[in-house]
Amino acid sequence: MQIFLDTTDTAILKDLVATGLIDGVTTNPTLIAKSGRNMLEVITEICGIISGPVSAEVAAMDVAGMLAEGRKLAALAPNIVVKVPLTREGLTATAEFTAEGIQTNVTLCFSAAQALLAAKAGATYISPFIGRLDDHGANGMDLITEIRAVYDNYDFDTEILAASIRSPQHVTEAALAGADCATIPPDVFLALFKHPLTERGLQQFMADWAKTGQSIL
Ligand code: G3P
């Protein structure tokens with residue numbers, strides 16, 4: 001499963017890209033607002049930090065506006081993925097972007113029927129929002145399972161990008177359900193490394209190693 005970071009914090013991104021485990025980045029208008037920076041500048045900087053896909057979201061609600069914004073965003077760097085909302089207008093724009101060879105990430109997906117339409121529009125990625133479905137009283141992970149089945153039934157190439165991930169458990173479950181990618185907030189990514197038994201075991205190993213008085217180098 002590919003791991004994307006859901007962030008506009010370029011300092012954190014640089015730090016975590018150094019792990020060699022990050023495949024791409026996703027952003028949204030909320031994260032741009034949180035950065036306090038100009039969108040075009042921060043997206044361009046992110047594309048310079050990572051060569052994998054970087055999702056940049058349009059703000060227009062109409063097809064013509066989405067196309068104009070998406071073409072401008074796509075021209076910023078070769079690894080830009082234009083993010084569009086899962087609306088009738090968004091999917092109409094997605095079909096046009098697909099025809100133009102521009103990669104797309106269809107966001108705010110909350111049903112398998114929506115995901116089916118996005119795939120038919122040729123979306124590169126579909127972003128089902130797990131955490132927000134959980135917040136809503138549903139089981140977000142069931143949606144990943146359903147979309148996986150629908151896409152496999154018809155051999156759709158659209159990649160399932162599990163989004164609105166809130167915990168390491170979400171990451172595990174998304175991987176088990178067959179998501180192609182997960183976009184993860186930095187704090188959840190860092191939590192993936194942790195297990196109390198790893199820490200305890202390492203302390204024991206280091207204590208025992210010290211007793212040997214040896215040095216490998
Ligand atoms: O980028 C979209 C998504 O990951 C947002 O997550 O936590 O705001 O629901 P959240």
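Student: How far is the side chain of S164 from an oxygen atom of the ligand?
Tutor: This is a predicted model, so every distance is computed from it. An N or O atom in the S164 side chain lies 2.6 Å from a ligand oxygen. N28 also brings a polar side-chain atom to 3.0 Å from an oxygen atom of the ligand. For K83, that distance is 3.5 Å.

Student: How much of the ligand does the protein bury?
Tutor: Taken alone, the ligand exposes 310 Å². The protein buries 83% of that.

Student: Which residues surround the ligand?
Tutor: D6, N28, K83, F129, R132, A163, S164 and R166 surround it. The ligand takes up the space of the largest pocket.

Student: Now for charges. How many salt bridges does a search of the whole structure find?
Tutor: Start with the general idea. Side chains of opposite charge can pair when their charged atoms come close. Here the search finds nine salt bridges. One of them joins R71 and E96, with the closest N and O atoms 3.9 Å apart.

Student: Where do R71 and E96 lie in the chain?
Tutor: R71 is in helix α4 (residues 63-74). E96 is in helix α5 (residues 88-100).

Student: Which residues make the nonpolar surface patch?
Tutor: L202, F205, M206, W209, I216 and L217 make it. The patch covers about 780 Å². L202 sits in helix α11 (residues 196-212).

Note on methods: Residues are numbered from 1 along each chain as its sequence is written. This is a predicted model: local features need pLDDT of at least 70, side-chain atom pairs count only at pLDDT 80 or more; totals for chains, interfaces and linings use all residues. Side-chain values use heavy atoms; hydrogens and water are left out. Patches are made of residues with over 30% relative accessible area and no salt bridge: like charges are joined within 9 Å, nonpolar side chains (Val, Leu, Ile, Met, Phe, Trp, Tyr) within 5 Å. Accessible areas come from the Shrake-Rupley method with a 1.4 Å probe; for residues, only the protein chains shown count as cover. A salt bridge is a side-chain nitrogen of Lys or Arg within 4 Å of a carboxyl oxygen of Asp or Glu. Helices (H or I, at least four residues) and strands (E, at least two) are DSSP runs, numbered from the N terminus. A residue is near a molecule or strand if one of its heavy atoms lies within 4 Å of it. A polar contact is a pair of N or O atoms within 3.5 Å; within protein, one must be able to donate a hydrogen and the other to accept it, and residues adjacent in sequence count only if both atoms are side-chain atoms. On a 1 Å grid over the protein atoms alone, a cavity is a set of points where a 1.4 Å probe fits but cannot get out, and a pocket is an open set with protein on both sides within 12 Å along at least five of seven lines; lining residues have an atom within 4 Å of a point. A molecule sits in a cavity or pocket if more than half of its atoms lie within 2 Å of its grid points.
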